[in-house]
Amino acid sequence: MLLAQNLPHRLEISMTLGPDAGTRNTYALAVLRIAVGIFFLIFGQYKVFGTEFTLHGGFQFWINKFLEGGVYPFMVPVLRGFVLPHATAFAFLTAYGELAIGLGLVIGVLVRPASVAGLLLMIALLFSSDYPGAHPAFWQYFGASLSHSVFAVCFVAFLVGRADAAWSVKTAGKKSA
């Protein structure tokens with residue numbers, strides 16, 4: 001009986017974003033975009049506004065940690081021969097890239113370029129740190145990569161959908177005009 005009494009209230013809440021699925025999906029994608037953006041603002045801000053990651057070996061620490069275990073074999077020469085010799089440049093690129101991705105997603109500006117950059121970063125991190133070993137079960141590749149593959153799927157959704165169609169600088173400008 002209690003469920004039946006709450007049903008009209010639940011229906012009212014579910015209908016506040018509009019009756020059509022397209023509108024609801026637009027807002028759902030915007031919520032996801034902003035949430036992912038907040039994560040990337042958090043990831044980038046401490047790297048940009050602190051010096052441990054960029055200037056005091058934080059980036060090199062993580063690359064070496066990846067090389068100790070977790071890197072896909074084809075990435076070892078890339079990390080050792082290209083990334084580590086240019087570690088400071090890559091550290092700044094990573095720090096400012098994460099901050100820019102986060103800012104773009106949160107305010108809804110340049111969402112597609114930010115999503116491309118985010119997807120490339122997630123693929124690079126996936127192959128640099130999520131190797132489950134030489135002979136795991138097929139499903140273990142996916143389990144080992146959850147920290148990066150979930151974000152990668154979000155970036156694909158932002159590229160395929162219109163993630164900037166709601167709650168973005170672009171839509172705020174249209175409403176005030």
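This report covers the helices, packing and core of a predicted model.

Local features need pLDDT of at least 70, side-chain atom pairs count only at pLDDT 80 or more, and totals for chains, interfaces and linings use all residues of this predicted model. Residues are numbered from 1 along each chain as its sequence is written, and side-chain values use heavy atoms, with hydrogens and water left out.

## Overall fold

The protein chain has 9 helices and 0 strands. Its elements run α-α-α-α-α-α-α-α-α from the N terminus on. Helices (H or I, at least four residues) and strands (E, at least two) are DSSP runs, numbered from the N terminus. Of the 177 residues, 34% count as buried. Buried means under 20% relative accessible area, exposed over 50%, and partly exposed in between (1.4 Å probe, protein chains only). Among contacts between residues at least 6 apart in sequence, 72% join residues at least 24 apart. Contact means heavy atoms within 4.5 Å.

Two packed helices are described by the angle between their axes and the distance between the axes. Axes are lines fitted to C-alpha atoms, for helices over the stretch in contact, and angles run from 0 to 180 degrees between N-to-C directions.

| Pair | Angle | Axis distance |
|---|---|---|
| H2 and H8 | about 130° | 11 Å |
| H2 and H5 | about 150° | 7 Å |

Helix H2 spans residues 21–49 and helix H8 spans residues 146–160. Their angle makes H2 oblique to H8. H2 and H5 are roughly antiparallel to each other. Angles under 35 degrees count as roughly parallel, over 145 as roughly antiparallel, 65 to 115 as roughly perpendicular and the rest as oblique.

H2 passes H8 in a left-handed crossing. The crossing of H2 with H5 is left-handed. A crossing is left-handed if the near helix is turned anticlockwise from the far one by less than a right angle, and right-handed if clockwise.

Which residues of H2 and H8 make the contact? From H2 come Leu 29, Leu 32, Arg 33, Val 36, Phe 39, Phe 40 and Phe 43; from H8 come Phe 151, Cys 154, Phe 155, Ala 157 and Phe 158. These residues divide into 11 nonpolar, no polar and 1 charged.

Against H5, H2 uses residues including Arg 33, Val 36, Gly 37, Phe 40, Leu 41, Gly 44 and Lys 47. Among their partners in H5 are Ala 95, Tyr 96, Glu 98, Leu 99, Gly 102 and Leu 105. The residues of this contact divide into 15 nonpolar, 4 polar and 3 charged. Ala, Val, Leu, Ile, Met, Phe, Trp, Tyr, Cys and Pro count as nonpolar, Asp, Glu, Lys and Arg as charged, and the others, Gly among them, as polar.

## The nonpolar core

The largest nonpolar core has 28 residues. Such a core is a set of buried Ala, Val, Leu, Ile, Met, Phe, Trp, Tyr and Cys residues joined through side-chain atoms within 4.5 Å. Val 36, Phe 40, Leu 105, Met 122, Phe 155 and Phe 158 touch the most other members. H2, H3 (58–68), H4 (76–83), H5 (87–107), H6 (111–129) and H8 each supply at least two residues. H6 gives the most, with 6 residues. Leaving aside its neighbours within four places in sequence, Met 122 is in contact with Phe 40, His 148, Phe 151, Ala 152 and Phe 155.

## Positive phi in loops

Leu 110 is not a glycine, yet its phi is positive, near 50°. Leu 110 sits in the loop between H5 and H6. At 60% relative accessibility, Leu 110 counts as exposed. Trp 167 has a positive phi of about 55°. Trp 167 lies in the loop between H8 and H9 (169–176). With a relative accessible area of 44%, Trp 167 is partly exposed.
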